[in-house]
Amino acid sequence: MKLIEERRSHGGSQRVYSHWSEACQCTMTFAIFLPPQAAEGPCPTLTYLSGLTCSHANVMEKGEYRAAAARHGLIVICPDTSPRGDDVANEEVYYFGQGAGFYLNATQPPYATHFNMERYITAELPHLISQNFSVSDSRDSIFGHSMGGHGALTLALKHSGLYRSVSAFAPIANPATSAWGKYALPRYLGDDDTAWRSADAVALIEDGHQVDDILVDQGLADEFLQDNLKPDALEAACRSAGIALTLRRHEGYDHSYYFISSFMADHIAWHAERLVE
């Protein structure tokens, strides 16, 4: 790993690293916040997945998670949203390609070579973190925003043994029926829409995947609410499956980091209750 940046914050250390990724076949970048407790011994980890067009930097600079993470003694890991580079396939739309990896393993050329974000997030990056930082033996937890909320939900549902808890801000909950998902999923996974179910939280729940409980915050002034986010479908699926969903709807809040930062401390505390023994 190569250290790119390090800054003192809330008694801990906010860092940015780059490294070669075998999963994505390119250099990847991630941010990591080490709370002050990390200087004394192992700490639990919480992974945050960002949304469309974002990198590790958006939540690092605007998410306001460090005070709460320091209070609860959580290491917060913020990976990039996709592979990047001149050799990485891309399209000139903000909701696909570089900056929009959808946290899945692509099966279709030319994307299958690099777009293996599911493998990167669930296997390669956790191994790298465990080899280089003092992390506790308790499982990771995961959360995210928009496309990252989709990623957090789908990865937690598919890899339930990896995560103690999952939450999301304004997730793309049912991408197979959303404008963004209808564009991205066939290009990554092929035209057979049955393959899309593995990258759709609502479909995964319908197909029997389970987690204990989920926290979701959704702004009602979110410009993407109707066409892309589908929280009502998630609510219905969780009700049918017996999953305890706390879906909090907030008047006046949009899709931005003003919304995310308003409820970030609540999500950190939610995960801390499930991670800190």
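This is a predicted model: local features need pLDDT of at least 70, side-chain atom pairs count only at pLDDT 80 or more; totals for chains, interfaces and linings use all residues.
I'd like to talk about aromatic rings, and then about a cavity.

So, rings. How many aromatic pairs does a search of the whole structure find? The search comes back with 20. Phe-33 is in one of them: Phe-33 and Tyr-65 pair up edge-to-face, with 6.5 Å from centre to centre and 70 degrees between the planes. What I like here is where the two partners sit. Phe-33 is in strand β3, residues 26–34, while Tyr-65 is in the loop between α1 (56–62) and α2 (66–72), so this pair links distant parts of the chain, 32 residues apart. And is Tyr-65 buried or exposed? Buried, at 1% relative accessibility, because anything under 20% counts that way.

Here's another pair, Tyr-48 with Phe-143. Their ring centres are 5.0 Å apart and the planes meet at 80 degrees, so we call this pair edge-to-face; the cut-off for that label is over 60 degrees. Tyr-48 belongs to strand β4 (residues 45–49) and Phe-143 to strand β6 (residues 140–145), so the pair ties together parts that lie 95 residues apart in sequence. Tyr-48 and Phe-143 are both buried.

Ring pairs link Tyr-94, Tyr-95, Phe-96, Phe-102, Tyr-111, Phe-115, Trp-180, Tyr-183, Tyr-188 and Phe-224 together.

Back at Tyr-65, the charged end of Arg-66 sits over the ring, 5.0 Å from the centre. Elsewhere, Arg-274 has its charged end over the ring of Trp-270, and there the distance to the centre is 3.6 Å.

Okay, on to the cavity. Searching the whole structure for cavities of 30 Å³ or more gives 1. The largest cavity has a volume of about 40 Å³. Which residues line the largest cavity? They are Pro-171, Ala-173, Val-216, Gln-218, Leu-229, Lys-230, Pro-231, Leu-234 and Leu-247. By type, that lining splits into 7 nonpolar, 1 polar and 1 charged. As for where the lining comes from, β8 (213–219) and α8 (231–241) each supply at least two of its residues.

Technical notes
Residues are numbered from 1 along each chain as its sequence is written. Side-chain values use heavy atoms; hydrogens and water are left out. Rings of Phe, Tyr and Trp (its six-membered ring) pair if their centres lie within 6.5 Å; planes under 30 degrees apart count as stacked, over 60 as edge-to-face and the rest as tilted. Helices (H or I, at least four residues) and strands (E, at least two) are DSSP runs, numbered from the N terminus. Buried means under 20% relative accessible area, exposed over 50%, partly exposed in between (1.4 Å probe, protein chains only). A charge sits over a ring if NZ of Lys or CZ of Arg is within 6 Å of the ring centre and within 35 degrees of the ring normal. On a 1 Å grid over the protein atoms alone, a cavity is a set of points where a 1.4 Å probe fits but cannot get out, and a pocket is an open set with protein on both sides within 12 Å along at least five of seven lines; lining residues have an atom within 4 Å of a point. Grid points are joined across faces, edges and corners, and a volume is the space filled by probe spheres set on the points. Ala, Val, Leu, Ile, Met, Phe, Trp, Tyr, Cys and Pro count as nonpolar, Asp, Glu, Lys and Arg as charged, and the others, Gly among them, as polar.
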